[in-house]
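Welcome! Take a moment to turn the model around on your screen, and then we will walk through it together.

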Amino acid sequence: FHLQRQFVRATGLSPRQARLGERLHRARALLMSGMPAGEAAIACGFADQAHLSREFSKWTGLPPGRYLRQIAQNR
């Protein structure tokens with residue numbers, strides 16, 4: 001518990017949240033490279049595309065497809 005408290009103090013996230021953030025960051029990069037969402041989900045350790053979409057939406061406020069369209073419009 002001491003290590004976990006130190007981690008939260010240093011990063012502002014729990015170790016589990018930090019790991020999820022890393023997985024979502026990797027998934028975002030794969031999606032931006034053109035990989036289909038189902039494949040990106042499996043490659044990043046999510047159970048399926050719906051699991052990735054649910055977590056992605058929680059972190060970004062948008063589902064992956066809408067997020068990518070918005071990024072493309074802003075370029």
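The paragraphs below go from the overall layout to the core, then to one helix and one loop.

A word on the source comes before the tour: this is a predicted model, in which local features need pLDDT of at least 70 and side-chain atom pairs count only at pLDDT 80 or more, while totals for chains, interfaces and linings use all residues. Residues are numbered from 1 along each chain as its sequence is written, and side-chain values use heavy atoms, with hydrogens and water left out.

Let us start with the whole chain. It has 5 helices and 0 strands, where helices (H or I, at least four residues) and strands (E, at least two) are DSSP runs numbered from the N terminus. Along the sequence the pattern reads α-α-α-α-α. The C-alpha atoms fill a box of roughly 45 × 30 × 20 Å, taken along the principal axes. Of the 75 residues, 25% count as buried; buried means under 20% relative accessible area, exposed over 50%, and partly exposed in between, using a 1.4 Å probe and protein chains only. Contacts here are heavy atoms within 4.5 Å, and among those between residues at least 6 apart in sequence, 33% join residues at least 24 apart.

Now look inside. A nonpolar core is a set of buried Ala, Val, Leu, Ile, Met, Phe, Trp, Tyr and Cys residues joined through side-chain atoms within 4.5 Å. The largest one has 13 residues, and L24, C44, F46 and L52 touch the most other members. Helices α2 (15-32), α3 (37-43) and α4 (49-60) each supply at least two residues of this core, with α2 giving the most, 5 residues. Which residues does L24 contact, leaving aside its neighbours within four places in sequence? They are F46, L52, E55, F56 and W59.

Next, follow α4. This helix has 12 residues and reaches 16 Å from its first C-alpha to its last, close to the 16 Å expected at 1.5 Å a residue; the expected span is 1.5 Å times one less than the number of residues. The buried residues of α4 are L52, E55 and F56. They cover an arc of only 105° around the axis, so they sit on the same side of α4; the arc is that of the directions from the helix axis to the C-beta atoms. What covers these buried residues includes α2, α3 and α5 (64-74).

The two ends of α4 are worth a look too. At its start, a side-chain oxygen of D48 reaches to within 3.3 Å of the backbone nitrogen of A50. After the helix comes G61, whose phi is positive, near 85°.

The structure also holds 1 salt bridge, meaning a side-chain nitrogen of Lys or Arg within 4 Å of a carboxyl oxygen of Asp or Glu. E55 forms it with K58, the closest N and O atoms being 3.7 Å apart. The two are 3 residues apart in helix α4, and so are separated by about one helical turn. E55 is buried, with a relative accessible area of 13%, whereas K58 is exposed at 60%.

Finally, visit the loop between α1 (2-11) and α2, where S14 lies. Is S14 buried or exposed? At 17% relative accessibility, S14 counts as buried. Leaving aside neighbours within four places in sequence, S14 is in contact with F7 and V8. L13 lies in the loop between α1 and α2 as well and is partly exposed, with a relative accessible area of 30%. With neighbours within four places set aside, L13 is in contact with F7, V8 and A18.

Terms used
A polar contact is a pair of N or O atoms within 3.5 Å; within protein, one must be able to donate a hydrogen and the other to accept it, and residues adjacent in sequence count only if both atoms are side-chain atoms.
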